[in-house]
Amino acid sequence: MTERSGPAGDATGGSVPTTPVCYRHSDRETYLRCSRCDRPICPDCMRDAPVGHQCPECVNEGRRSVRPARTAFGGGAAGRRGLVTRTLIALNVLVMIVSVLSDRGGDSLIGGSGFGGLLGGGTPLTQWGSVLSYASYVPFGEAHGVASGEWYRLVTAMFLHYGVVHLLLNMWALWVLGRELEALLGPLRFLGLYLMAGLGGNVAAYLFSSPNTASAGASTAIFGLFAAVFVLMRRLGRDTSAILPILVINLIFTFTVPGISIPGHVGGLIVGALMALVLAYAPRMRRSVFQAVGAGVILLALLGLVIVRTAMLLG
């Protein structure tokens, strides 16, 4: 304890008791003490505690000893801020701007042939990054497609869109579904779910679309989010009656409106459901390990299907 000495004595020869000073500010007298370490602290150093007041060092030590809050599925509480959802939306919008700029005019925003003419047309960027099994045309001097070794298309396609209407529909769904799922799963698990569902939908499009058909859009991942909301709500024992009609309506649109990738939507839905099952029903004691292994198994299965499809196309 740091103390400051008072006067040596008074006229009668008695001593004056020393006055305590703050252990962090030696020029400040105080009679306040930390309820944890009992050191004297001034009002500026005083921190409210469940019982009494504590000094800054004891408060920091207490924070380090408290386990961070986790969600019901093992994720971090930081997901409540929705940072991953916002980042994904910003990334999709940025890619759309680059896609429009790469077109240098044309019908990249609206006026294409899809969705009753409301969707935009293709651009050089969508030609480069959309899911395409194999194309014999040579826009860049050689054949293109996943079967030609352009596996990156299975990832880039989930960030590309055909026009502003296509983008807005998917981003609205991502904003509504993404914030809730990110709060339930945490940022890392939500991002894994989104990417896995998007990849699953693109792999399905590669497997079941004709070789010369190109597809792109975040809707593969969005359908996975629809399935995940249903699975997680069931796991928590919550009402799922609100999500079912929306999912059914989207499936009806998928199968009835021309220009929509049926394999992509259905594939994203199935893979999103599988990933959500892994995240929701992992054993509590080994939750992170089980979730990581489950995600790895799904990823290996998807890659295996890509290899088989490639062998069929090139065989």
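**Close-up 1. Phe-223 and Phe-226, two buried residues of helix α7**. Both Phe-223 and Phe-226 are buried in this predicted model. Helix α7 spans residues 219-235, and because the two phenylalanines stand three residues apart within this helix, about one helical turn separates them.

**Close-up 2. Phe-190 and Tyr-194 in helix α6**. Three aromatic pairs are present in the structure. In the pair of Phe-190 and Tyr-194, the ring centres are 6.5 Å apart and the ring planes lie at 50°, so this pair is classed as tilted. Helix α6, comprising residues 187-208, carries both residues, which are four residues apart, about one turn of the helix. Phe-190 has a relative accessibility of 0% and therefore counts as buried. Tyr-194 is likewise buried, its relative accessible area being 0%.

**Close-up 3. The rings of Phe-223 and Phe-226**. Phe-223 and Phe-226 form an edge-to-face aromatic pair. The distance from centre to centre is 6.1 Å, and the angle between the planes is 70°.

**Close-up 4. The crossing of helices α8 and α9**. The axes of helix α8 (residues 243-256) and helix α9 (residues 262-280) come within 9 Å and cross at roughly 155°. The two helices, α8 and α9, are therefore roughly antiparallel to each other. Their crossing is left-handed. On the α8 side, the contact is made by Leu-247, Leu-251, Thr-254 and Phe-255; α9 contributes Ile-262, His-265, Val-266 and Leu-269. Of the residues in this contact of α8 with α9, six are nonpolar and two are polar, while none is charged.

Methods: Residues are numbered from 1 along each chain as its sequence is written. This is a predicted model: local features need pLDDT of at least 70, side-chain atom pairs count only at pLDDT 80 or more; totals for chains, interfaces and linings use all residues. Side-chain values use heavy atoms; hydrogens and water are left out. Axes are lines fitted to C-alpha atoms, for helices over the stretch in contact, and angles run from 0 to 180 degrees between N-to-C directions. Angles under 35 degrees count as roughly parallel, over 145 as roughly antiparallel, 65 to 115 as roughly perpendicular and the rest as oblique. A crossing is left-handed if the near helix is turned anticlockwise from the far one by less than a right angle, and right-handed if clockwise. Contact means heavy atoms within 4.5 Å. Ala, Val, Leu, Ile, Met, Phe, Trp, Tyr, Cys and Pro count as nonpolar, Asp, Glu, Lys and Arg as charged, and the others, Gly among them, as polar. Rings of Phe, Tyr and Trp (its six-membered ring) pair if their centres lie within 6.5 Å; planes under 30 degrees apart count as stacked, over 60 as edge-to-face and the rest as tilted. Buried means under 20% relative accessible area, exposed over 50%, partly exposed in between (1.4 Å probe, protein chains only).
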